[in-house]
Amino acid sequence: MADTKAKILLVEDHDTLSFVIKEALQKTGYEVVHCSDSESGWLQFMKHNFDLCLLDVVLPKKNGMYLAGQIRAVNETVPILMLTSKNLDDDKIAGFKSGADDYITKPFNLQELLLRVQVFLKRTKKKDEGPTNFKIGNLSFDYKNLTLIGEGIEHQLTQREADLLKYLYQNNNRVLKREEILLHVWGKEDYFLGRSMDVFITKVRKYLRDQPGVELQTVHGVGFKFVYNA
């Protein structure tokens, strides 16, 4: 059973699939609010405090990527998992840019879905364990509250961005292989997740731009090096 009664927003228009997913999540101990289109999903999101969102990509009216973008505009921290039958990398990259944290491609194993949900909820719940405040250049990185703040600068991070930045910071001044970062931040290694990682690396590099003593270097053919001279 789930440790807590986490609330999940499920937006899926396929009747049978949505019933199966909702039933499995509820049996695990989660509270689930189901919607069959993006507009009703958005209305429900604004009414409740959700711990995680499961969004189908192909939806009536406006698609799941649009909904993910709406959610990210008002909430930068809630985990967003996309359910998709598409295998095109460009579609998935577009989803990550709209705010998605991960993808599950149909048809998927129901147990895999439950494990992915559990992983994201645990990360959110345990983000306050261990050191949570770091100084990076002239910025203060608050991992617990997912913020990166300096004079005239304030970035609200997603959970994935915060996880990546924390891992890079804690392993500063050494070369990190791509597969090492994927395993520690994403939990597994594959080609597509490598493409996703590149999107997040670009975001983190942008946040740290112009910070003294800080550089996120690309080590071609190997990985990345977070250079930090405090």
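Two exercises with worked solutions follow, both on a predicted model.

**Exercise 1. Describe how helix H2 packs against helix H3: which angle, which handedness and which residues are involved?**

Step 1. Locate the helices: H2 covers residues 38–47 and H3 covers residues 64–74. Their axes come within 10 Å of each other and cross at roughly 20°. Because angles under 35 degrees count as roughly parallel, H2 is roughly parallel to H3.

Step 2. Assign the handedness. The crossing of H2 with H3 is right-handed.

Step 3. List the contacts. From H2, Ser-38, Gly-41, Trp-42, Phe-45 and Met-46 take part; on the H3 side the partners are Leu-67, Gln-70, Ile-71 and Val-74. By class, the residues of this contact are six nonpolar and three polar, with no charged residue.

**Exercise 2. Is Glu-161 buried or exposed, and what does Glu-161 touch?**

Step 1. Glu-161 lies in helix H6, residues 159–170.

Step 2. Compare the accessibility with the cut-off. Buried means under 20% relative accessible area; Glu-161 has 2% relative accessibility and therefore counts as buried.

Step 3. Find the neighbours. Leaving out residues up to four places away in sequence, Glu-161 touches Gln-156, Phe-200, Lys-203, Val-204 and Tyr-207. The C-alpha atom of Asp-101, 60 residues away along the chain, is 9.3 Å from that of Glu-161.

Step 4. Extend the view to the helix. Eleven of the twelve residues of H6 are buried, so H6 is largely enclosed by the rest of the structure. Among the buried residues are Arg-160, Asp-163 and Lys-166. From first C-alpha to last, H6 reaches 16 Å, close to the 16 Å expected.

Note on methods. Residues numbered from 1 in each chain as written. Predicted model: local features only at pLDDT ≥ 70, side-chain atom pairs only at ≥ 80, totals over all residues. Heavy atoms only, no water. Axes fitted to C-alpha atoms, helices over the stretch in contact; angles between N-to-C directions. Helix = DSSP H or I, 4+ residues; strand = E, 2+ residues; numbered from the N terminus. Parallel < 35°, antiparallel > 145°, perpendicular 65-115°, else oblique. Left-handed = near helix turned anticlockwise from the far one by under 90°. Contact = heavy atoms within 4.5 Å. Nonpolar A, V, L, I, M, F, W, Y, C, P; charged D, E, K, R; others polar. Buried < 20%, exposed > 50% of the residue type's maximum accessible area, 1.4 Å probe, protein only. Expected span 1.5 Å × (residues − 1).
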